[in-house]
Amino acid sequence: MGEQRTLGQHLASRLVELGVQDFFAVPGDYNLVLLDQLLKEPKLNMINTCNELNAGYAADGYARARGVGCVCVTFTVGGLSVINAIAGAYSENLPVICIVGGPNSNDFGTNRILHHTIGEPDFHQEMRAFKEVTCMQTQIVHLEDAHSLLDAAVAAAMRNSKPVYISVCCNLAGEVHPSFAGDPVPFGLAPKVTNERSLDAAVKYASEFMNKAVKPVLVGGVKMRWPGKAQDAFIHLAEAGQYPVAMQPSAKGFFPENHKRFLGTYWGQVSSPYCSEVVESCDVYMFVGAIHNDYSSVGYSLLLKKEKMIDVDLFRVTIGGRHTFGCVNMRDFLNAMAKAVEPNSTAWDNFQRMYVPAAEVPQSAPNSPLRTNILFKHVQQMLSADTAVLVETGDSWFNGQKMKLPEGCLYEFQMQFGSIGWSVGATLGYAQALKGKKRVIASIGDGSFQVTAQDVSTMIRYGLNPVIFLINNGGYTIEVEIHDGPYNTIQNWDYSGLVQCFDNHQGNVFSTKARTEEQLAEAIEQAHKNVDKLCFIECFTHRDDCSKELLEWGSRVASANGRPPNPQ
């Protein structure tokens, strides 16, 4: 057995084994010794953020690119600050390891009142709060069982693709124990195993269902991301069946958009042109990894029938709203279906007959005010296999869906949780995870930016080079289209000037303002030249300048929100 190590060093080695190279942290007195120990791991790098919320958002963005993220904060004041970001990661099925430096182990079971608490001798309150937004919670209070508790927690995160909560007592992080060997047993993760009989039955029913259909179609969802990474199997099934393929908005980029049978985004009334007409007119639609909520259904207005649907979840298949088969891994099911289906391109043939390409956005008149559709036309021209796109909650959702991703270009946004401000921290984590591989292009509204702006300074500090388009239209546009009021107007900032303040004359930032298409084109040209710098382009648009899709979506979501109470 090798040299013994501390609890913190053992935790660091486990993070590295999972694929974590960077973790996001805010120091506090309860986690300082733990941070010392984590930093002894040469393969692990710490990113200091300005606050815990952004640290959590950064871990979320990092997990989207690397498969797992990690955040480390202090007890209660840090934990309850990061919890909103952890809830978002839970809703988006992202494995994020949330580590909290906890109180001294000797204080447990006493009647002492500690700082950073609500003034009660209850040191489990924070863990109970995390119970609702993590798949496992553990407190390391004894060295003897620390090894097994840590392994159980990280295994739960990876197996369930959900966040976990780990609290480490501040006086234990630097302690050695025989179980923390210098050459520990490598971490192993036993995957969930498919029940072969259930799989055979599911494939039999589903293949008969698809093969009898006149017009079958596939619709992909974001749950294909984890665990098992079912995207390849999804493509394999699409090609075997010659089916047209649509993607839910949150799964944009999970299917090659240059594929010969790609329909576009299926999002009800705000779908890509002709996509909803094709999907909803089919007599069988297979949804794979889909999320069915009020946002993705445009206020529950989709024209779908359960009796026509095959719904493939992570470990369950439901056919026609009646037959359900459990213990069936999504990837295994898709691969088996690819061998059982008969080619049927009827729905795709129908699409080709009706499809008319969308009109190009015309160039604006010289020196006329910048429009949002002009902005995204230029963003589209920036995309390549060397870029990754991240968009904030708002009209960027809809404009982003219209862009066509080149092969290799990544795309992310937070649809299920929809927490405004997510994008700043997520851009930090996403750009750190893709550093040296792809340049992140982020589109962020001014209202969202004001929530979490300060961690642009962290991007500058660590030499990240995203291109950030800040849309300055004076308020929360997405909320204006759902329900307007004086609360949707915000105090305007000098956003590009603020970013220069973050840089503090270090010369690591290019920032500018764009009020016309000519100024935007010049700004983008400078962003291409300043490839090693963070580039921040403040784009001025009219308050009411938004996509027609947002207008449609907003009115339908407002209608769903405004349903009167059922009579008692």
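How many bridges join strand 10 to strand 11, and do they run parallel or antiparallel? There are 4, and the two strands run parallel. This is a predicted model, so local features need pLDDT of at least 70 and side-chain atom pairs count only at pLDDT 80 or more, while totals for chains, interfaces and linings use all residues. Residues are numbered from 1 along each chain as its sequence is written, and side-chain values use heavy atoms, leaving out hydrogens and water.

View 1. On one side, Met286 has Ile310 of strand 11 as its bridge partner. Ile310 also stands opposite Ile319 in strand 12. Strands 11 and 12 run antiparallel, joined by 3 bridges, and a hairpin of 3 residues links them.

**View 2. Helix 10 and its buried face.** Helix 10 covers residues 330–340, and its buried residues (under 20% relative accessible area, 1.4 Å probe, protein chains only) are Met330, Phe333, Leu334, Met337 and Ala338. Looking down the helix axis, these residues fall within an arc of 140° (taken from the directions from the axis to the C-beta atoms), so they line one face of helix 10. They pack (contact: heavy atoms within 4.5 Å) against helix 7, helix 8 and strands 10, 11 and 12.

**View 3. The N-terminal end of helix 10.** Asn329 is the cap here: one of its side-chain oxygens sits 2.8 Å from the backbone nitrogen of Arg331.

**View 4. The largest pocket.** A pocket is an open set of points on a 1 Å grid over the protein atoms alone, where a 1.4 Å probe fits, with protein on both sides within 12 Å along at least five of seven lines; lining residues have an atom within 4 Å of a point. The largest one has a volume of about 1400 Å³, counted as the space filled by probe spheres set on the points, which are joined across faces, edges and corners. It is lined by 44 residues, and the closest to its centre are Pro273, Ala358, Gln401, Lys402 and Met403. Helix 12 gives the largest share of the lining, 6 residues.

Key:
Buried means under 20% relative accessible area, exposed over 50%, partly exposed in between (1.4 Å probe, protein chains only). A polar contact is a pair of N or O atoms within 3.5 Å; within protein, one must be able to donate a hydrogen and the other to accept it, and residues adjacent in sequence count only if both atoms are side-chain atoms. Two strands pair if DSSP finds at least two bridges between them.
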